[in-house]
Structure formats: structure tokens, C-alpha cells
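Open the model in your viewer and keep the sequence panel beside it.

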Amino acid sequence: MNALHRALIELDVKAACAAWRAAAPHLPQPATDADALACLHMARTQAETIVLGLRFYSHRWLLDHGYPSQLPDRLKPSAERMYPRAVDAVGVAVRSQVPEVRAAIEGAMSDAAADCYANGDRDPRVVKPQMMAARARERRALMLPPIEVM
């Protein structure tokens with residue numbers, strides 16, 4: 001097994017860059033390690049000599065990091081089953097008999113969650129307190145009594 005193939009299997013950025021410089025010094029080289037890693041993943045999805053599990057992992061990595069995958073279309077369904085896409089979700093539940101109150105509090109909590117996600121905060125330990133603070137503010141604005149938290 002040659003050095004470039006081994007680096008491709010192991011995702012060894014340093015070894016891959018060294019092998020690429022030796023094999024093709026006249027071609028453009030990756031500017032950063034992050035660029036080299038993306039190139040390795042892309043090459044993995046194309047290489048038929050790489051086992052399918054590694055190709056499927058690289059397919060998911062590329063999509064998750066905003067890069068196009070070069071995995072052939074016939075293999076994509078299998079890759080999606082092996083490495084499904086993770087999706088974040090936030091649930092908002094408001095118990096009120098008054099539809100206007102329910103809509104106002106739900107909107108405030110949803111806006112708080114959306115603001116957190118827009119800022120890149122996806123951790124529930126960050127999102128939930130923001131949502132609860134928005135609920136409390138909206139309840140005060142509607143002149144409702146505070147809710148006792150268990």
C-alpha cells in the first residue's frame with residue numbers, strides 16, 4: 001500500500017500533504033490542514049479501493065461540513081442508512097385555555113430558541129434557560145402570575 005493510499009484510509013493530513021507534494025509538486029497544494037482534510041474526505045468518497053464504510057463516513061462528513069460529496073448516486077442510499085443525518089429540534093409546549101395567551105407565549109419561546117440557534121448555540125443547557133426566560137418575560141407582559149418550577 002503506498003503512502004497516499006494509507007493516508008487516505010487513516011485520514012492522516014500530514015502524511016497526505018507530504019505524499020501529495022512528492023507526487024505532484026506542480027499542482028496546487030491545500031492551504032490549511034482543514035482544506036487537506038476536506039480533500040481527503042472527498043477523495044475517499046471517489047476511491048473505489050476504499051472500503052464502503054469509510055466512504056460512507058466521508059460522505060456524511062462532507063455533507064455535515066457543507067461540502068459536496070463525490071459518492072456515486074447508487075451508493076448514497078446505503079450511506080444514508082449507515083450514517084443518517086442528525087437533526088436538532090426544540091419542543092415548545094404551552095398549556096393555557098386562552099388561545100391568545102398560548103400563541104403569545106409560544107411565539108416568545110420559539111423566538112428565543114431561534115435566536116439561540118442563529119447565534120450558534122445548540123446546547124440544551126443554553127437554549128432551555130433562554131426559552132424559560134422568554135416565557136417568564138411574556139407572562140409578566142401579559143400580567144400573568146409566575147409559574148412555579150419543580
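**Stop 1: the largest pocket**

Select L4, L8, A16, C17, W20, P30, A36, C39, L40, A43 and A47, which together line the largest pocket. A pocket here is an open set of points on a 1 Å grid over the protein atoms alone, where a 1.4 Å probe fits, with protein on both sides within 12 Å along at least five of seven lines; lining residues have an atom within 4 Å of a point. Helices α1, α2 and α3 (33-46) each give two or more residues to the lining of this pocket. The most come from α3, with 4 residues. Its volume is about 260 Å³, where a volume is the space filled by probe spheres set on the grid points, joined across faces, edges and corners. Helices are DSSP runs of H or I with at least four residues, numbered from the N terminus.

Before moving on, note that this is a predicted model, in which local features need pLDDT of at least 70 and side-chain atom pairs count only at pLDDT 80 or more, while totals for chains, interfaces and linings use all residues. Residues are numbered from 1 along each chain as its sequence is written, and side-chain values use heavy atoms, with hydrogens and water left out.

**Stop 2: the two ends of α1**

Go to the start of helix α1 (residues 3-10), where a side-chain oxygen of N2 comes to within 3.2 Å of the backbone nitrogen of L4. Now select L11, in the loop between α1 and α2 (13-23). What is the phi of L11? It is near 55 degrees, a positive value in a residue other than glycine. Most residues other than glycine have a negative phi.

Show the surroundings of L11: leaving aside neighbours within four places in sequence, L11 is in contact (heavy atoms within 4.5 Å) with L37, L40, H41 and R44. For a distance to display, take L11 and C39, which are 28 residues apart in sequence and 9.9 Å apart, C-alpha to C-alpha.

**Stop 3: S69**

Select S69 in the loop between α4 and α5. Is S69 buried or exposed? S69 is buried, with a relative accessible area of 12%. Buried means under 20% relative accessible area, exposed over 50%, and partly exposed in between, with a 1.4 Å probe and protein chains only.

The side chain of S69 makes a polar contact with the side chain of H59 at 2.7 Å. A polar contact is a pair of N or O atoms within 3.5 Å, and within protein one must be able to donate a hydrogen and the other to accept it; residues adjacent in sequence count only if both atoms are side-chain atoms. A polar atom of the S69 side chain also lies 3.1 Å from the backbone nitrogen of L71. Not counting residues up to four places away in sequence, S69 touches T45, H59, L62, L63 and K76.

**Stop 4: aromatic pairs**

How many aromatic pairs does a search of the whole structure find? The search finds 2. Rings of Phe, Tyr and Trp (its six-membered ring) pair if their centres lie within 6.5 Å; planes under 30 degrees apart count as stacked, over 60 as edge-to-face and the rest as tilted.

Select Y57 and Y83: the ring centres are 5.7 Å apart and the planes at 75 degrees, so this pair is edge-to-face. Y57 is in helix α4 (residues 52-64) and Y83 in the loop between α5 (76-82) and α6, 26 residues apart. Y57 is partly exposed at 37% relative accessible area, and Y83 is partly exposed at 29%.

Then select W61 and Y67, whose ring centres are 6.0 Å apart with planes at 5 degrees, so the pair is stacked. W61 counts as buried at 15%, whereas Y67 is partly exposed at 32%.

**Stop 5: the largest nonpolar core**

Select V94, V101, I105, A108, M109, A112, A113, C116, V127, M131 and A134, the 11 residues of the largest nonpolar core. Such a core is a set of buried Ala, Val, Leu, Ile, Met, Phe, Trp, Tyr and Cys residues joined through side-chain atoms within 4.5 Å. Two or more residues come from each of α6 (99-118) and α7, with α6 giving the most, 7 residues.

**Stop 6: after α7**

Finish at M143, in the segment after α7 (124-141). M143 has a positive phi of about 60 degrees although it is not a glycine, and M143 is exposed, with a relative accessible area of 74%.
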